[in-house]
Amino acid sequence: MGEELWRNLLSRIEESIGPAKFATWFEPLKYLGTQGQCWRIQVPNRFTREWLSEHYLPLMSHTIRQLAGPEATIEFEVGGQEPRGKERPESIVPAPPPTPETSPPPPGAEASPFNPRLTFENFVVGPGNQLAHAACLAVAQRPAEAYNPLFLYGGVGLGKTHLLHSIGHSIHETRPNLRVSYVSSENFLNDLVDAIQAHEVVEFRNTYRTYDILMIDDIQFIAGKERTQEEFFHTFNDLYNNLRQIVLTSDRPPKEMSTLEDRLRSRFEWGMIADLQPPDLETRLAILRKKAEFLEVHLPDEVGYLIASHLRADVRKLEGALNKLVLHGSLLGARTITEEMARVVLRDMLERSEPVITVERIQEAVCAHFKLSRELLTSNKRSKEVATARQVAMYLARELTKSSLPDIGRQFGGKDHTTVLHAYEKIKRLVASDTQLQGEIAQLVSRLQA
Ligand code: ADP
Ligand code: MG
């Protein structure tokens with residue numbers, strides 16, 4: 001009977017995703033049997049399991065519930081081994097939400113919204129996200145005590161959502177009695193609109209106000225939406241006054257959210273504001289290694305370096321590149337990823353993002369490093385500190401760009417090419433013996449290549 005339902009499930013999935021994707025992802029699966037309400041499915045490797053979890057889980061869960069009843073869940077087993085150690089079957093369909101009698105699930109939420117992959121354990125900490133990571137850990141350990149609200153901001157793909165999920169998992173494990181809610185600000189908005197239409201605004205408020213921890217992702221989307229801001233303002237106050245934890249993320253700091261009401265802006269600034277900066281080269285490499293380890297593929301250093309040195313600002317792109325490589329490899333039955341393969345498979349990605357180092361970027365980096373203004377750097381001031389910084393910048397410009405000596409001179413406030421050459425030679429000589437300078441230059445170079 002189970003077999004038949006499984007075939008049924010497969011044919012529905014094939015209908016909805018088409019034969020090509022179906023063949024890649026679903027044909028290799030094998031039905032192992034059911035245990036209670038749990039459907040055990042064998043997948044060939046961890047990569048497939050991860051891919052299925054990320055891309056087809058909602059569809060699979062939905063379909064299986066339709067076919068086998070609302071309690072049905074799915075479990076993947078890698079390689080069909082007996083449950084043991086690392087390969088223990090991992091339930092990827094989260095437990096059903098608590099029954100309405102004890103605690104009503106949030107509007108729109110069907111099951112635990114936390115992605116099993118997005119944990120603190122899987123988060124790589126580097127200089128750009130250290131503060132945000134520490135703040136999130138503190139909140140997970142002492143909700144509503146450490147930082148409230150906690151406001152995280154940073155560009156796309158830098159780990160904001162990952163950190164929110166990590167808080168969710170951590171609290172789930174250590175204090176299962178606390179009610180944690182994670183919503184995108186779009187869901188908050190949609191729930192509100194639905195509630196307004198159904199004349200259930202009171203219920204809406206009551207639901208949101210029962211949480212111990214409310215996390216709203218991408219709060220920037222409520223800026224400019226008056227009614228949502230109004231409602232959120234009251235929710236915020238209620239939670240805050242009742243010592244509940246609030247965590248928000250945004251793509252920019254509160255002061256740059258131009259259409260945000262002032263009273264909300266000031267509340268966002270009450271607690272802790274932590275930013276996420278793009279990861280440096282080392283962190284990017286570490287993220288790739290961690291991910292490769294997770295997928296159980298061998299990632300040679302030169303391939304990791306190739307990807308990490310080209311894809312700089314968005315971790316999602318890094319992961320995308322690795323996924324693409326692994327998928328390509330596994331379709332070809334290849335055991336290892338080679339640099340040659342990486343160059344072919346990732347050609348488009350790599351070409352689009354060749355790091356461009358310009359004299360201007362060098363000047364910015366040097367100014368930041370030596371804490372000088374650009375004006376001073378390109379001036380004629382000769383105090384020792386300024387002169388050294390200027391010479392280092394000229395040295396780097398000569399080393400790292402294709403600009404000619406006169407060109408470089410011009411960009412330093414119209415200096416002569418002999419000045420540039422002199423600076424270059426002096427620093428080159430110094431670097432050979434001065435280890436501190438060596439370190440500083442290495443730092444600058446890695447920052448520029450990041
Ligand atoms: P954001 O919400 O800031 O746009 P996400 O949290 O969705 O970014 O992160 C994008 C992807 O990059 C996710 O798959 C996430 O797991 C991964 N990621 C981001 N930062 C890190 C990190 N420091 N360590 C490991 N994975 C990361
Ligand atoms: Mg996000």
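This is a predicted model: local features need pLDDT of at least 70, side-chain atom pairs count only at pLDDT 80 or more; totals for chains, interfaces and linings use all residues.
Which exposed residues does the face of α1 turned away from its buried side carry? That face carries Glu4, Arg7 and Glu15.

Helix α1 covers residues 2-17, a run of 16 residues. From its first C-alpha to its last it reaches 22 Å, close to the 22 Å expected at 1.5 Å a residue. Its buried residues are Gly2, Leu5, Trp6, Leu9, Leu10, Ile13 and Ile17. Viewed down the axis of α1, these buried residues fall within an arc of 140 degrees, and therefore they line one face of the helix. An α-helix has 3.6 residues a turn, so residues three or four places apart point the same way. On the face of α1 turned away from the buried side, the exposed residues are Glu4, Arg7 and Glu15, as stated at the outset.

The view may now be widened to the protein chain. The chain has 450 residues, of which 48% count as buried. Its secondary structure comes to 20 helices and nine strands. Along the principal axes, the C-alpha trace of the protein chain spans about 85 × 60 × 35 Å.

The next subject is the ligand and its surroundings. Ligand 1 is surrounded by 18 residues, and the closest are Val124, Gly157, Thr161, His162 and Glu319. Two helices, α5 (160-174) and α12 (315-332), each supply at least two residues of the shell.

In glutamate 319, an N or O atom of the side chain is 2.5 Å from an oxygen atom of ligand 1. For histidine 162, the distance between a side-chain N or O atom and an oxygen atom of the ligand is 2.7 Å. For arginine 117, the corresponding distance to a ligand oxygen is 3.0 Å. Taken alone, ligand 1 exposes 560 Å², and the protein buries 92% of that.

Attention now turns to a residue within a helix. Glutamine 229 lies in helix α8, which comprises residues 226-241. With a relative accessible area of 1%, glutamine 229 is buried; the cut-off for that term is under 20%. What does the side chain of glutamine 229 reach at 3.3 Å? It reaches the backbone oxygen of threonine 259. A polar atom of the side chain of glutamine 229 also lies 2.9 Å from the backbone nitrogen of glutamate 261.

The loop between α4 (130-141) and β5 (150-154) is the next stop, and proline 149 is found there. The peptide bond from asparagine 148 to proline 149 is cis, with omega near -5 degrees. Proline 149 counts as buried, at 0% relative accessibility. Phi of alanine 144 is near 65 degrees, a positive value in a residue other than glycine. Alanine 144 is partly exposed, with a relative accessible area of 21%.

A positive phi is found at histidine 199 as well, with a value near 55 degrees in a residue other than glycine. Histidine 199 lies in the loop between α6 (185-197) and α7 (201-208). Is histidine 199 buried or exposed? At 72% relative accessibility, histidine 199 counts as exposed, given that the term applies over 50%.

Helix α6 also contains glutamate 186. This glutamate is partly exposed, with a relative accessible area of 43%. Glutamate 186 and isoleucine 222 are 36 residues apart in sequence, and the C-alpha atoms of glutamate 186 and isoleucine 222 are 7.8 Å apart in space.

Technical notes: Residues are numbered from 1 along each chain as its sequence is written. Chains are lettered from A and ligands numbered from 1 in the order in which they are written. Side-chain values use heavy atoms; hydrogens and water are left out. A residue is near a molecule or strand if one of its heavy atoms lies within 4 Å of it. A polar contact is a pair of N or O atoms within 3.5 Å; within protein, one must be able to donate a hydrogen and the other to accept it, and residues adjacent in sequence count only if both atoms are side-chain atoms. Accessible areas come from the Shrake-Rupley method with a 1.4 Å probe; for residues, only the protein chains shown count as cover. Helices (H or I, at least four residues) and strands (E, at least two) are DSSP runs, numbered from the N terminus. The expected span of a helix is 1.5 Å times one less than its number of residues. Buried means under 20% relative accessible area, exposed over 50%, partly exposed in between (1.4 Å probe, protein chains only). The arc is that of the directions from the helix axis to the C-beta atoms.
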